[in-house]
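Good morning, and thank you for the time. Please look at the sequence and the structure as they come up, and I shall then go through a few features.

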Amino acid sequence: MKTSRKIALLGLLTALCFVLSYIEFLLPLPSFGVPGVKLGLANLCVMAALWLVGAKEAAAINLIRIILNWAIFGSFTGLLYSLAGGFLSFLAMLLLKKSGRFSPIGISAAAGALHNVGQLAVAMLLTDAAALWYYTPVLIICGLAAGAVNGLVFSAILLRLQRKENHHE
Amino acid sequence: MKNKRLLCDLLLILAIAALAGAIFLLTRLPSGEEGEAVEIRIGGELFKVLPLDTDSSTDVGGLCTVVIENGAARVSESTCSNLLCVNHRPISRSGESIVCLPNGVTVRVSGGADFYI
């Protein structure tokens, strides 16, 4: 991909990422009595960057997403949760994608689950770990389900985006 | 090729779900019994232990209020933003907990056959 095209695409994805975060902020999901349950739509943009551009660029978008969210909606502890969740889920996506064995659906599902595991780990460090274990199963399942839905959406998007990219090259 | 990937996806998802199931069994199975007390912690530090058999209302460092009535504990008020803790149902079985992440307050039932020592 040409550098100028890459820069434009990454800028677009970063902006879209932020819009998706804002939409989620406006439409909170039923929380199932546990904090931190959400769809994670913004991850669609991180995935798009990872599949279409590269790992470094996708990591950068992920980090910018987290910092922007913190600056606009969040608190400092919120930042710690996002960083832990964002880092773990990105690592999962990277490794699973590299293995070449999984489709975006499986990759995104695992990333969703690990995102919540990362957040739980921070919560366990900051508060009472024993109390948090109680929430672990439901948060893993919620992350898995949300990630699978995102993966399904992303598979559909990817088909079209790749067709478009090929058309341009 | 594509079917093989989807099979791998399915196995991956099932493995993670199984892990969640295992954690569920480990943490909730022993919690069938009614607990004896609740431990209230702020940022992991033990703040107070309250017996479940005595009705009470306790201010937790100005962050929230823990009420005990009819052998169950609940958070009646909180200064946090999302109020998940206030909306949580009352807890009484050992191992059950209410977590208020914004304030870092946890309320956990102890006693009975407690999984956590």
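This is a predicted model: local features need pLDDT of at least 70, side-chain atom pairs count only at pLDDT 80 or more; totals for chains, interfaces and linings use all residues.

Helix α1 (residues 3-26) of chain A packs against helix α3 (residues 55-73) of chain A at an angle of about 40°, their axes 10 Å apart. Helices here are DSSP runs of H or I with at least four residues, numbered from the N terminus; axes are lines fitted to C-alpha atoms over the stretch in contact, with angles from 0 to 180 degrees between N-to-C directions. That angle makes α1(A) oblique to α3(A), oblique being what remains once under 35 degrees is called roughly parallel, over 145 roughly antiparallel and 65 to 115 roughly perpendicular.

Residues are numbered from 1 along each chain as written, chains are lettered from A and ligands numbered from 1 in the order written, and side-chain values use heavy atoms, without hydrogens or water.

Within helix α1 of chain A lies Leu10(A). Is Leu10(A) buried or exposed? Its relative accessibility is 16%, so Leu10(A) counts as buried (under 20% relative accessible area; exposed is over 50%, partly exposed in between, with a 1.4 Å probe and protein chains only). From Leu10(A) to Ala55(A) the C-alpha distance is 12 Å, across 45 residues of sequence.

Turning to helix α5(A), 18 of its 23 residues are buried, so α5(A) is largely enclosed by the rest of the structure.

Finally, Tyr134(A) and Tyr135(A) are both buried.

How values were computed: Helices (H or I, at least four residues) and strands (E, at least two) are DSSP runs, numbered from the N terminus.
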